[in-house]
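Dear colleague,

Please find below the structure that I am handing over to you. My notes on it follow, and I would be grateful if you read them with the structure open.

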Amino acid sequence: MVPATMGRKAMVAALCAVVVCPFAVLMSTQTARADEPVPLGQVPQTDAQAADDGGGDDQPHGDWSGDDWSGHGWSGDDWSAGDWSGDSSPWDGASGNEWLDNASSSDWTWDDWFWDDGSASTPAADASATEAPTADAPASGDAATATTLLAAATTLATDLLAAPTMSVSGTTVSWRPTSGVSSYVFVRKLPGQAPLYSIVNGTSATPPAVAGQTVSYGIRTNVSGSTWADEVSIAYPDATPSPAPSPTVDPKTAPTMSVAGNTVRWTAIPSVSSYVFVRKLPGQAPLYSIVNGTSATPPVVAGQTVSYGIRTNTSGSSWADEVTITYPGTTPNPTPSPAPSPTPQPIDGSFQMGVVGGSALSYELSFLKTLGAHTARLEFGVGTSALSMASVIDAYAKAGIRPLLLAGFGGRLPTSAEAQNLGNWAAAYGPGGTFWQGKSYPANTAVTAIEFGNETSFSYQFSDNSLSTYASRAQTYALRARDAANAVRAANARVGLLAQGDNAVNGTAWVTNMLKAAPTLDDLVAGWTIHPYGPNWATRIDSTINSAKSAGARDLPIWITEWGLSTDNGRCLSDNYGFDKCMTYSAAASTLHSVLAGMQSRYGSRLGAFYLYQAHDQYAPGTQTGREAYFGALQSNGSAKGAFTTEVKGDLAAN
């Protein structure tokens, strides 16, 4: 046994080993934040894996320099008697009796641990006799505690410094976790290159593959002086060469057609999903439809030789060499053949550019003829009888202009009966309709599309555009559009209904709520209409396409039934939807050309139509400042607007 003073000195040394030394070791380690891993190659090389035996550090460190003990958190002030005095309850509120048997906490001072002269003499007279054990007494509780703590610290240090055990599964390296350790030093060794180190958390890592190489990996705890694990390796296979890209085929390329019995077939054109199919009966106008797939079985026409053609549903594409089928004179008990198109509305199918007519439809006709328009958007009230429209339809057809009929109901929603009235329009004016019987008109002037409402999704038509009211309006509109589409289809399957897909207010609420109320609306209508004025046209159109797709709708053609530019040849106007308010005729021509080309390039065959608003200015040059006065392709008196009129005429002629 040793005197009490020596026992206390031994206890202090033990506490230093238990408390200070392991803490200093841990403080000297390179510890990475859990959310901020250290990149490969940034571990200090003084703590790198030895190159010769895979053991500990390959050179001494500065981890235990004097600077680590003073000036950086370990100054003498941390050991002052004031920190250890009896005035503070030691060890989380424990009383002095836990340290000095019967002595009060105020008696426990630095002098109770080390005598001033360093001798092993008997403690001061005021100390309890129980403070120093007798020579034959067993070790005091203080010494036993120090021994226990020293043993625990030794075990902890051994665990922290021990090498983990590594394994490989596929391309993932794993290791057994070390108790008390949250980060590790990971090394990656590529043949012929310097090792790459990184700090990692967890117990696994999946390094990047190195094709054709065998790479070694090692791990140790992120504690200075820890032992490296036995390395593992991964042999990565050679890289598989990428397949050669498929040759690019122009979507305007003509397919090759063939006939098998009563079925017409054609070769597929890559990146094309729909085609324009034409059926030509002797003495009749060609019948067009949009078809998917690569075959169609048209209805039999007894005793006739019928020609068929196909092209991709891409503006400007080439027609294939036609094929013919000669049908027998009679067909006993004929079985109805399926329609040539799986889509419900087989409208013309080719891109068409037209002009929006003003409210006085008969007056507008002369301006449209001057521009050379082949189709024009004409508005009638949704409840208008088919018979009362006859004179206007007749005049436009004789001029070679096919009407796009707009069923208007501004500031309100139509009734179901009004929506169904559009079936009468289709029966009379659609291809083969009652109006055309016994008459001779230029080809392709029959109505092939009816637009259901004008800008019903826009806020200006209604006083309440709160989200709930707006959603309800979109849902009611969809139900009425469904009524109209069913009526049109029943009356004439060659006429398609166009529904509004313009998300004008409240994000994508319009399209989302339409398809919520009528989930099959996309199967009934021929396309979505939108008026994307301004330079942000792509954002507007993309919103329609993406919201419809998100709601589960199939891809439909996009019909731009209004788009235009306001120009009084450089005179500044109140607004121009984001374009230059002082736009010249020449600038307007360039803008129209680039926008139309941009739309056709971006949307390809999905762009079904583009209608320019409008045929002529509403006021004479220099008399108004409002933008609405000067959207015309012609001046108010029919005079040309320079380069702008020239551009419009050229685009109409080409489409």
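The model is a predicted one. I begin with Thr529, a residue of strand 20, which covers residues 527-530. Is Thr529 buried or exposed? Its relative accessibility is 2%, and buried means under 20%, so Thr529 counts as buried. Which residues does Thr529 touch, if those up to four places away in sequence are not counted? They are Glu451, Leu498, Ala499, Gln500, Gly501, Asp502, Trp559 and Thr561.

The next topic is a pair of helices. Two packed helices are described by the distance between their axes and by the angle between those axes. For helix 13 (residues 537-550) and helix 14, the axes come within 11 Å and cross at roughly 30°. Angles under 35 degrees count as roughly parallel, and helix 13 and helix 14 are therefore roughly parallel to each other. The crossing in which helix 13 passes helix 14 is right-handed. On the side of helix 13, the contact is made by Trp537, Ala538, Ile541, Asp542 and Ile545. Helix 14 contributes Val595, Gly598, Met599, Arg602 and Tyr603. Sorted by class, the residues in this contact are seven nonpolar, one polar and two charged.

I turn now to the backbone. Most residues other than glycine have a negative phi, and most peptide bonds are trans.

Asn444 is not a glycine, yet its phi is positive, at about 60°. This residue lies in the loop that runs between helix 9 (422-429) and strand 18 (449-452). With a relative accessibility of 38%, Asn444 counts as partly exposed.

Asn569 also has a positive phi, of about 55°, although it is not a glycine.

Finally, the peptide bond from Tyr613 to Gln614 is cis, with omega near 0°. Gln614 is located in the loop between strand 22 (607-612) and helix 15 (643-654).

With kind regards

Definitions and conventions: Residues are numbered from 1 along each chain as its sequence is written. This is a predicted model: local features need pLDDT of at least 70, side-chain atom pairs count only at pLDDT 80 or more; totals for chains, interfaces and linings use all residues. Side-chain values use heavy atoms; hydrogens and water are left out. Helices (H or I, at least four residues) and strands (E, at least two) are DSSP runs, numbered from the N terminus. Buried means under 20% relative accessible area, exposed over 50%, partly exposed in between (1.4 Å probe, protein chains only). Axes are lines fitted to C-alpha atoms, for helices over the stretch in contact, and angles run from 0 to 180 degrees between N-to-C directions. Angles under 35 degrees count as roughly parallel, over 145 as roughly antiparallel, 65 to 115 as roughly perpendicular and the rest as oblique. A crossing is left-handed if the near helix is turned anticlockwise from the far one by less than a right angle, and right-handed if clockwise. Contact means heavy atoms within 4.5 Å. Ala, Val, Leu, Ile, Met, Phe, Trp, Tyr, Cys and Pro count as nonpolar, Asp, Glu, Lys and Arg as charged, and the others, Gly among them, as polar.
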